[in-house]
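This report concerns strand pairing, helix packing and charged side-chain contacts. Please consult the sequence and the structure shown below.

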Amino acid sequence: MRMNWSDRKILVVGAGISGFAAAELACKFGADVVLSDAKQEKEIQADFAPLRALGVELVFGPQSEALLNGVDAVILSPAVPVKIPLIQSAMKRGIRVLTEVELAQEMAESPILAVTGTNGKTTTTTLLSLLMQTVYGKEKTGLGGNIGVPLSKEVLRVGPNGCIAAEISSFQMEATKHFHPHIAAVLNVTPDHILRHGSMEVYQAMKEKIFAEQTPTDYLVLNADDPRTRGMAERASSRICFFSRREELEEGAFLKGDRLVIRWDGQDYPLCTVSELGIKGMHNVENALAASAMAFLGGAETQAMTKVLKSFRGVEHRIEFVRTLHDVAYYNDSKATNTDSAIKALLTFPGHIVLLAGGDDKMTDLTDFMKLVKERVDALVLIGDAAMRFRNAAVETGFPEEQIFAAGYSMPRAVELAYHLAKPGSTVLLSPACASFDMYENMAERGRDFKRLVNALK
């Protein structure tokens with residue numbers, strides 16, 4: 001059921017994509033809307049004219065408690081932590097604080113299929129949306145959330161008699177209390193965003209919120225190979241469907257030899273083989289198993305699913321092939337914003353890698369990452385805030401110091417260095433293992449800049 005915003009005063013905190021969408025929707029539904037961001041307007045690369053045209057009041061800069069006067073509800077953007085004084089004050093006053101995904105949930109007239117996890121969310125959610133298009137068609141299948149399209153806008157577009165595939169981050173769940181996807185998946189949980197959440201335990205708790213409101217009529221898809229996700233089954237009320245690439249399951253999605261198989265209610269449903277799968281790498285086998293399990297539970301036919309699994313080639317910025325030049329292949333993996341994701345990228349290639357890494361440092365442990373760098377990387381090109389810590393960690397692991405090159409805060413310099421360091425038959429890989437905010441607005445901007453520079457090489 002859609003919320004009744006008529007004649008209510010709504011404060012939206014954070015002028016990101018989600019904040020924009022929430023302000024626009026609340027205004028269109030009759031609310032008196034104020035959008036506040038701690039940055040000054042000139043610091044934000046956005047066109048606020050459409051919001052002004054709708055009558056949204058814009059407040060930039062320091063956020064005083066006076067913003068809460070007369071407010072009925074606060075909608076919080078994912079980038080804004082709940083611990084900031086303004087949100088804490090709102091809670092103390094008893095003002096409802098909700099997130100954009102909660103707003104989407106209350107407006108949704110079709111079931112939501114939600115994916116979370118540390119790594120693989122975008123690939124899995126995108127593939128899931130394509131699989132569900134075999135049931136509902138393109139126009140009635142939504143794709144939104146942390147994937148770049150506000151979830152609230154997408155559920156409104158789809159309306160009834162469809163479904164919405166949603167990528168959900170821990171940031172989006174931090175302030176969320178009532179989010180109820182019909183089918184949810186937790187792909188994996190490895191260290192990430194600890195600076196934001198404070199501990200691994202809190203980070204995992206944010207992930208588990210995705211199924212907290214589920215009932216026995218809902219489904220939860222969990223990675224049986226990950227101890228943290230496997231244990232979540234004990235705390236879920238929904239029906240569990242495990243997936244595994246390491247063992248044959250009594251029930252769930254798994255590999256039977258080289259073939260992806262779903263076993264459900266005593267029957268096996270074969271899909272394609274690993275070699276036929278359009279996305280490569282064992283981490284993508286996991287993503288395909290998870291997406292297939294969700295789509296199957298959502299009503300997709302296995303024959304139609306198999307065609308999609310064979311044709312899907314992946315998403316932008318995730319081990320994305322850019323070009324081959326002088327027998328050197330260039331790959332954009334800007335979406336690897338943590339070490340676990342970068343490890344998966346390194347494992348995709350046999351070796352002889354020129355690796356571009358670094359950026360806005362999340363201060364996660366580098367031990368396992370650097371061990372693999374030592375095994376597979378010929379030259380390490382470092383950028384951004386994390387460069388010195390990454391360099392020291394590489395040297396401590398035994399990586400040759402003379403094969404480490406600093407590019408400062410310049411992607412052009414990094415690409416130039418990689419171009420000259422790469423030998424025929426090697427791979428140049430941008431897989432930063434860091435966020436992008438020290439140099440770019442987001443990881444997509446970083447990836448596109450890398451591709452632009454690579455494509456300009458002569």
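Which residue in β4 is the bridge partner of valine 13? The bridge partner is leucine 76.

## Basis of the model

The model is predicted, so local features require pLDDT of at least 70 and side-chain atom pairs count only at pLDDT 80 or more, whereas totals for chains, interfaces and linings use all residues. Residues are numbered from 1 along each chain as its sequence is written, and side-chain values use heavy atoms, with hydrogens and water left out.

## The sheet

Five strands form an open sheet with parallel pairing, in the order β3-β2-β1-β4-β5. Strands (E, at least two residues) and helices (H or I, at least four) are DSSP runs, numbered from the N terminus; two strands pair if DSSP finds at least two bridges between them. Strands β1 (residues 9-13) and β4 (residues 73-76) run parallel and are joined by four bridges.

At the edges stand β3 (57-60) and β5, each with a single partner strand, so one side of each has no neighbour in the sheet. On average, neighbouring strands of this sheet are turned by 25 degrees against each other, direction ignored.

## Helices on the sheet

Helix α1 packs on the sheet and touches β1, β2 (32-37) and β4, contact being heavy atoms within 4.5 Å. The direction of α1 makes about 165 degrees with that of β2; axes are lines fitted to C-alpha atoms, for helices over the stretch in contact, and angles run from 0 to 180 degrees between N-to-C directions. Helix α4 lies across β4 and β5, running at about 85 degrees to β5.

## Salt bridges

The structure holds 24 salt bridges, each defined as a side-chain nitrogen of Lys or Arg within 4 Å of a carboxyl oxygen of Asp or Glu. Within helix α1 (residues 17-28), lysine 28 and glutamate 24 lie four residues apart, about one turn of the helix, and their side chains meet in a salt bridge at 3.6 Å, N to O. Lysine 28 is exposed, with a relative accessible area of 55%, while glutamate 24 is partly exposed at 21%; exposed means over 50%, buried under 20% and partly exposed in between, with a 1.4 Å probe and protein chains only.

Glutamate 106 and arginine 96 meet in a salt bridge at 2.5 Å, N to O. This pair links distant parts of the chain, 10 residues apart, with glutamate 106 in helix α4 (residues 100-107) and arginine 96 in strand β5 (residues 96-99). Elsewhere, Glu248, Lys256, Arg263 and Asp268 are linked in a network of salt bridges.
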